[in-house]
Amino acid sequence: MTLHSSSDKPVYVRLREVIADAILAGRFRDGDPLPSVRALAAEQGANPLTVAKAYQGFQDEGLVLVKRGIGMFVASGACARLRDSERNQFITTEWPAIRDRMKRLGIEPADLVEGEKA
């Protein structure tokens with residue numbers, strides 16, 4: 001997990017993306033413990049309060065469970081719900097801009113598939 005500092009996004013949003021990517025990639029599975037706020041802050045070079053804010057968003061969505069005195073854990077079904085949410089976000093927000101740019105540049109979907117095979 002790495003936090004990219006060159007982004008225009010707020011740090012807590014970038015931290016959220018780092019954590020979400022780790023869950024989607026399977027580095028953290030349902031029931032797995034997540035790094036502590038302090039450990040993740042040290043690893044990412046972020047303020048612990050900012051990490052806590054990123055984790056709080058996941059808690060609010062039911063993707064992370066807190067076990068007092070033990071730590072934070074990935075909730076059951078979190079990966080599937082996160083994947084659905086990220087997929088919906090991509091289709092409704094990111095894809096229209098990509099599709100429009102492809103159209104302006106004269107790129108067909110088949111061009112992209114052929115490019116991957118090369």
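Modeller: Start with one residue and its contacts. Ala20 touches Phe58 and Leu82, leaving aside residues up to four places away in sequence. Keep in mind that this is a predicted model.

Colleague: Where does Ala20 sit, and is Ala20 buried or exposed?

Modeller: Ala20 is in helix H1. Its relative accessibility is 4%, so Ala20 counts as buried; the cut-off for buried is under 20%.

Colleague: Which other residues of H1 are buried?

Modeller: The buried residues of H1 are Arg14, Leu15, Val18, Ile19, Ala20, Ala22 and Ile23. There is a general idea to apply to such a list. An α-helix has 3.6 residues a turn, so residues three or four places apart point the same way. Read the list with that in mind.

Colleague: What covers the buried residues of H1?

Modeller: The cover includes helix H2 (37–44), helix H3 (48–60), strand S2 (71–74) and H4.

Colleague: How do I check the length of a helix?

Modeller: Compare an expected span with the distance between the end C-alpha atoms. H1 covers residues 11–24, which is 14 residues, and at 1.5 Å a residue it should span 20 Å. The end C-alpha atoms of H1 are 20 Å apart, so the two values agree. Just after H1 comes Gly26, with a positive phi of about 90 degrees.

Colleague: What does the same check give for H4?

Modeller: H4 has 28 residues and should span 40 Å at 1.5 Å a residue. Its end C-alpha atoms are 37 Å apart, which agrees.

Colleague: Where does H4 bend, and by how many degrees?

Modeller: The bend in H4 is at Glu94 and is about 50 degrees. A proline, Pro96, follows within four residues. After H4 comes Gly106, which has a positive phi near 70 degrees.

Colleague: Which residues of H4 are buried?

Modeller: In H4, the buried residues include Ala78, Cys79, Leu82 and Met102. Leu82 has already come up, as one of the residues that Ala20 touches.

Colleague: What about nonpolar residues on the surface?

Modeller: Look for a patch. Here Phe90, Ile91, Trp95 and Ile98 form a nonpolar patch on the surface, and together they have about 340 Å² of accessible area. Take Ile98 as a case: this residue is in H4, which runs over residues 78–105. At 36% relative accessibility, Ile98 counts as partly exposed.

Colleague: Now charged side chains. What is the general idea?

Modeller: Side chains of opposite charge can pair when their charged atoms come close.

Colleague: How many salt bridges does the structure hold?

Modeller: The structure holds three salt bridges. In one of them, the side chains of Arg16 and Glu61 meet at 3.1 Å, N to O. Arg16 lies in helix H1 and Glu61 in the loop between H3 and strand S1 (64–67), so this pair ties together parts that are 45 residues apart in sequence. Arg16 is partly exposed at 21% relative accessible area, and Glu61 is partly exposed at 43%.

Colleague: How should I compare distance along the chain with distance in space?

Modeller: Take pairs of residues and set the two values side by side. Ala52 and Tyr12 are 40 residues apart along the chain, and their C-alpha atoms are separated by 8.6 Å. Ala52 lies in helix H3 and, at 29% relative accessibility, counts as partly exposed. Ala20 and Pro96 are 76 residues apart in sequence and 22 Å apart in space, C-alpha to C-alpha.

Colleague: How many Å separate the C-alpha atoms of Gly115 and Phe28?

Modeller: They are separated by 32 Å, and the two residues are 87 residues apart along the chain. Gly115 is in helix H5, residues 109–117, and counts as partly exposed at 47% relative accessibility.

Key: Residues are numbered from 1 along each chain as its sequence is written. This is a predicted model: local features need pLDDT of at least 70, side-chain atom pairs count only at pLDDT 80 or more; totals for chains, interfaces and linings use all residues. Side-chain values use heavy atoms; hydrogens and water are left out. Patches are made of residues with over 30% relative accessible area and no salt bridge: like charges are joined within 9 Å, nonpolar side chains (Val, Leu, Ile, Met, Phe, Trp, Tyr) within 5 Å. Accessible areas come from the Shrake-Rupley method with a 1.4 Å probe; for residues, only the protein chains shown count as cover. A salt bridge is a side-chain nitrogen of Lys or Arg within 4 Å of a carboxyl oxygen of Asp or Glu. Helices (H or I, at least four residues) and strands (E, at least two) are DSSP runs, numbered from the N terminus. Buried means under 20% relative accessible area, exposed over 50%, partly exposed in between (1.4 Å probe, protein chains only). The expected span of a helix is 1.5 Å times one less than its number of residues. Contact means heavy atoms within 4.5 Å. The bend at a residue is the angle between axes fitted to the seven residues ending there and the seven starting there.
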